[in-house]
Amino acid sequence: MEDVRLVSFADKDPERAANWSTGRKILVLVIGLALASNSTLGSSLPSGASRYLSEAFNVSSAEQLALPNSVYLIGYVFGPPLFSPLSEMHGRRIVMLSTFFGFTVFTLACALAPTWPALLVFRFLSGAFASAPITVVGGIFADIYDDPVRRGQAIALIGLTSLGPIIGPIISGFVSPVSWRWTFWVGLIIAGATWPLVLVLPETYPPVILLRRAKRMRAASPDHAQNVYAPIELEDNGWKHTVTVKLARPVVMFKEPIVICTCMYLALQFGIFYIFFQVYPIVFQGIYKFNDGLAGVALVPVGVGGVIACGIAIWYDTFLERAKERNASWPKSEEYRRLPLACISGPLNVSSLFWLGWTARPDIHWIVPMLAGVPFGMGLELVFISMLNYLADAYDVFAASALASSAFSRSIFAVLLPLAASPLYEKLTIPWGSSLLGFLSLLVAVIPFFFLRYGTWLRMHSPYCQELLKLKERDSANTSQVMVESRNAE
């Protein structure tokens with residue numbers, strides 16, 4: 001193996017995604033946000049059509065009527081452990097194209113579903129394909145922005161896709177009186193409008209870009225470049241290694257304390273967010289007599305809070321950049337660079353749940369419990385933005401797998417908690433049901449503070465973080481490498 005030459009990126013290499021022009025990066029950013037928005041919109045799309053689905057399929061129990069959302073989110077459980085490693089093996093573009101095609105096909109199938117079981121099967125498959133952007137888009141943004149500040153701002157914009165689950169019930173609440181099928185026709189129209197963008201998505205994953213370069217060089221110069229390889233070609237690609245190491249990576253990463261604690265926090269908050277789609281009808285239709293469409297509108301303050309949080313996160317990254325320019329010491333730490341926003345999200349989440357629970361009564365105007373959604377939306381987005389950025393910073397090239405672990409766990413909670421909403425609130429009542437969720441949120445709110453104290457030590461003892469350091473040392477070595485200038489030999 002002494003004569004093997006590894007192809008690598010040179011400084012300012014134009015083929016490396018992080019060195020692309022601002023315009024091209026913005027295009028990738030818009031495509032990623034469009035893909036993630038389709039996914040999140042689909043997750044709650046049937047929420048406002050429950051009454052009409054009940055009449056069409058003769059389904060009456062609250063638990064069954066929650067299934068169109070829940071089975072979609074079950075797809076979120078199974079998709080990320082497969083699609084994220086595949087994007088690290090074969091590239092981001094092919095995974096995004098194939099999964100969005102599957103999502104489009106099964107959204108169409110939902111609109112044409114002849115029976116209740118068929119609708120549930122199609123929703124599951126739609127959710128499985130829709131899960132890819134939830135994790136892979138974060139990896140794409142990590143590919144094009146190697147600067148932590150820019151990457152943080154890009155991932156902060158993913159928070160805007162939280163408007164999707166809020167818009168979903170509003171759409172279905174107003175179009176389902178025409179036909180429940182129009183709920184999915186609208187989703188299909190939005191997916192169709194996204195396709196022109198998806199088709200121009202370039203490959204961003206550095207190892208796959210190098211793989212294509214090495215293949216071009218071998219094809220262009222068969223006599224002199226047959227020993228030129230990309231680093232990814234020298235990895236063990238046997239089926240056993242692929243299954244037990246690469247595809248299993250998102251599951252194996254649960255051994256990482258940073259990953260498992262982050263997953264616990266995000267999973268609970270994600271589950272509470274989706275339980276709102278069952279709780280808000282109980283509150284605003286049961287107490288305040290809203291119709292289906294207006295009950296969906298009641299979720300708008302959650303989205304407003306999310307937008308405010310995105311603005312805060314982008315401002316914070318600007319503040320962070322100025323601190324780096326002053327050569328301050330704290331921005332050099334992954335923990336202090338990302339986690340302060342997560343620390344303030346805990347009180348926002350907890351207070352909003354008590355606010356909602358104890359003000360939702362007939363003698364208090366409906367605007368009061370509705371406004372509880374603003375701090376909840378702020379807290380939800382701030383913890384997602386900060387914790388996901390923390391994972392991306394800590395695990396770098398393994399970011400997609402770390403994000404897949406997060407998506408896998410939080411999707412399980414998003415499936416289970418909404419199924420428990422009706423019995424929970426019937427037994428404990430609205431005040432105490434919301435208070436229970438508030439107390440649980442209070443327990444996990446200590447996690448960012450724990451990371452501030454022990455995060456550096458945890459990363460120093462992390463096998464993945466240590467492997468990442470070795471990869472960076474290898475990439476910085478200049479021994480036996482074919483640099484970008486070798487492209488002239490093609």
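Here is a chat about a predicted model of a protein chain and how its features get their labels.

Me: Let's start with the whole chain. What makes up the protein chain in terms of helices and strands?
Reply: The protein chain has 23 helices and three strands. Buried residues make up 58% of its 490 residues. Of the contacts with a separation of 6 or more, 83% are between residues 24 or more positions apart.

Me: Where is Ser39, and what is Ser39 in contact with?
Reply: Ser39 sits in helix H1. Leaving out neighbours within four places in sequence, Ser39 is in contact with Tyr72, Tyr76, Ala130, Ser131 and Ile134.

Me: How do you know that a polar atom of the Ser39 side chain makes a polar contact with the backbone oxygen of Ala130?
Reply: The cut-off for a pair of N or O atoms is 3.5 Å. A polar atom of the Ser39 side chain lies 2.6 Å from the backbone oxygen of Ala130, within that limit.

Me: Where along the chain is Leu160, and which residues does Leu160 touch?
Reply: Leu160 is in the loop between H8 and helix H9 (163–175). Not counting residues up to four places away in sequence, Leu160 touches Val307 and Cys310. As for Val304, Leu160 is 144 residues apart from it along the chain, and their C-alpha atoms are separated by 9.8 Å.

Me: You mentioned Cys310. What makes Cys310 buried or exposed?
Reply: Cys310 has a relative accessible area of 3%, and the limit for buried is under 20%, so Cys310 is buried. The same test works for Cys110: at 1%, Cys110 counts as buried.

Me: What makes H8 mostly covered?
Reply: Eight of the eleven residues in H8 are buried. They are Pro148, Val149, Arg151, Gly152, Gln153, Ala154, Ile155 and Ala156. What covers them includes H1, H7, helix H16 (300–325), helix H17 (334–338) and H20.

Me: On to empty space. How do you know where it is left?
Reply: Rolling a probe the size of a water molecule over the atoms shows where empty space is left. Here the count comes to five cavities of 30 Å³ or more.

Me: What is the volume of the largest cavity, and which residues are closest to its centre?
Reply: The largest cavity holds about 380 Å³ of space. It is lined by 22 residues, and the closest to its centre are Ile158, Thr161, Phe384, Leu388 and Arg410. H20 gives the most to this lining, with five residues. By class, the lining has 15 nonpolar, five polar and two charged residues.

Me: What about the second largest cavity, and what lines it?
Reply: The second largest cavity has a volume of about 80 Å³. Its lining includes Asn38, Leu41, Tyr72, Cys110 and Arg123. H1, helix H6 (92–111), H7 and helix H10 (181–199) each give two or more residues to that lining. By class there are six nonpolar, five polar and one charged.

Me: Why is a space called a pocket or a cavity?
Reply: In a cavity a 1.4 Å probe fits but cannot get out, whereas a pocket is open, so that decides the name. The second largest pocket has a volume of about 460 Å³. Among the 24 residues lining it, Ser47, Ser50, Phe277, Gln278 and Pro281 are the closest to its centre.

Me: Which helix gives the most to the lining of the second largest pocket?
Reply: H14 does, with seven residues. By class, this lining divides into 14 nonpolar, eight polar and two charged.

Conventions: Residues are numbered from 1 along each chain as its sequence is written. This is a predicted model: local features need pLDDT of at least 70, side-chain atom pairs count only at pLDDT 80 or more; totals for chains, interfaces and linings use all residues. Side-chain values use heavy atoms; hydrogens and water are left out. On a 1 Å grid over the protein atoms alone, a cavity is a set of points where a 1.4 Å probe fits but cannot get out, and a pocket is an open set with protein on both sides within 12 Å along at least five of seven lines; lining residues have an atom within 4 Å of a point. Grid points are joined across faces, edges and corners, and a volume is the space filled by probe spheres set on the points. Helices (H or I, at least four residues) and strands (E, at least two) are DSSP runs, numbered from the N terminus. Ala, Val, Leu, Ile, Met, Phe, Trp, Tyr, Cys and Pro count as nonpolar, Asp, Glu, Lys and Arg as charged, and the others, Gly among them, as polar. Buried means under 20% relative accessible area, exposed over 50%, partly exposed in between (1.4 Å probe, protein chains only). A polar contact is a pair of N or O atoms within 3.5 Å; within protein, one must be able to donate a hydrogen and the other to accept it, and residues adjacent in sequence count only if both atoms are side-chain atoms. Contact means heavy atoms within 4.5 Å.
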